Amino acid sequence: MYSFMGGGLFCAWVGTILLVVSTATDHWMQYRLSGSLAHQGLWRYCLGSKCYLQTDSIAYWNATRAFMILSSLCATSGIIMGILALAQQPSFARLSRPFSAGIMFFASTFFVLLALAMYTGVTVSFLGRRFGDWRFSWSYIVGWVALLMTFFAGIFYMCAYRMHECRRLSTPR
């Protein structure tokens, strides 16, 4: 059980750090604009070496930002629950901390999947046509890696929960 929680906690830390890095950085997409290199993130866009805030209130950017922030919050809550589960703090009889941590990481995975799918769909269908020479960049890719890490953290915590439940049910009362 503890090895699953340890693996879950490792994946959780890495996934949460990658979520925050992906959300905060400006390299989701790179393109050429009037012969110079440009890149953009969720919060700013940069032309050459000058960066500007994204002041346009475009729905897909706002939704992507919101889902990435929700994902980071769920992952942080999952880490707290996972640490408490690993430390064996007393819990309610009906609330299993490894189970709760697993649910939080699956929720985080779901939110980051929504954010990345939305950004991918709009970028490929709309912005891809607008900018001829473009590509997804490292912040976007880090978001997909964070999705995998939070998913595996959820898997590890669910395995720890199942092992705990099997032991609890097999011990005589």
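This is a predicted model: local features need pLDDT of at least 70, side-chain atom pairs count only at pLDDT 80 or more; totals for chains, interfaces and linings use all residues.
## A pair of neighbours

Phe111, by contrast, is buried, at 19% relative accessible area, because buried means under 20%.

Phe110 and Phe111 form an aromatic pair. A pair of aromatic rings is described by the distance of the centres and the angle of the planes.

## A pair across the chain

In total, the structure holds 17 aromatic pairs. Another of them joins Trp28 and Tyr140, with 6.1 Å from centre to centre and 65 degrees between the planes, which makes the pair edge-to-face. Where in the chain do Trp28 and Tyr140 sit? Trp28 is in the loop between α1 (2-24) and β1 (29-33), while Tyr140 belongs to helix α4 (residues 138-170). The two residues are 112 residues apart, and their pair links distant parts of the chain.

Are these two residues buried or exposed? Trp28 is buried, with a relative accessible area of 0%, and Tyr140 also counts as buried, at 7%. Trp28 and Tyr140 are also members of one aromatic cluster, together with Tyr60, Trp61, Tyr119, Trp134, Phe136 and Trp144.

## Spans from the record

An unreviewed UniProt entry lists residues 66-87, 99-118 and 138-160 under "transmembrane region". In the model, residues 66-87 are 95% helix and 0% strand, and their end C-alpha atoms lie 32 Å apart. Residues 99-118 are 100% helix and 0% strand, with 29 Å between the end C-alpha atoms.

Note on methods:
Residues are numbered from 1 along each chain as its sequence is written. Side-chain values use heavy atoms; hydrogens and water are left out. Rings of Phe, Tyr and Trp (its six-membered ring) pair if their centres lie within 6.5 Å; planes under 30 degrees apart count as stacked, over 60 as edge-to-face and the rest as tilted. Helices (H or I, at least four residues) and strands (E, at least two) are DSSP runs, numbered from the N terminus. Buried means under 20% relative accessible area, exposed over 50%, partly exposed in between (1.4 Å probe, protein chains only). UniProt positions are given in the numbering used here, feature names are shortened, and annotations may be inferred rather than shown by experiment.
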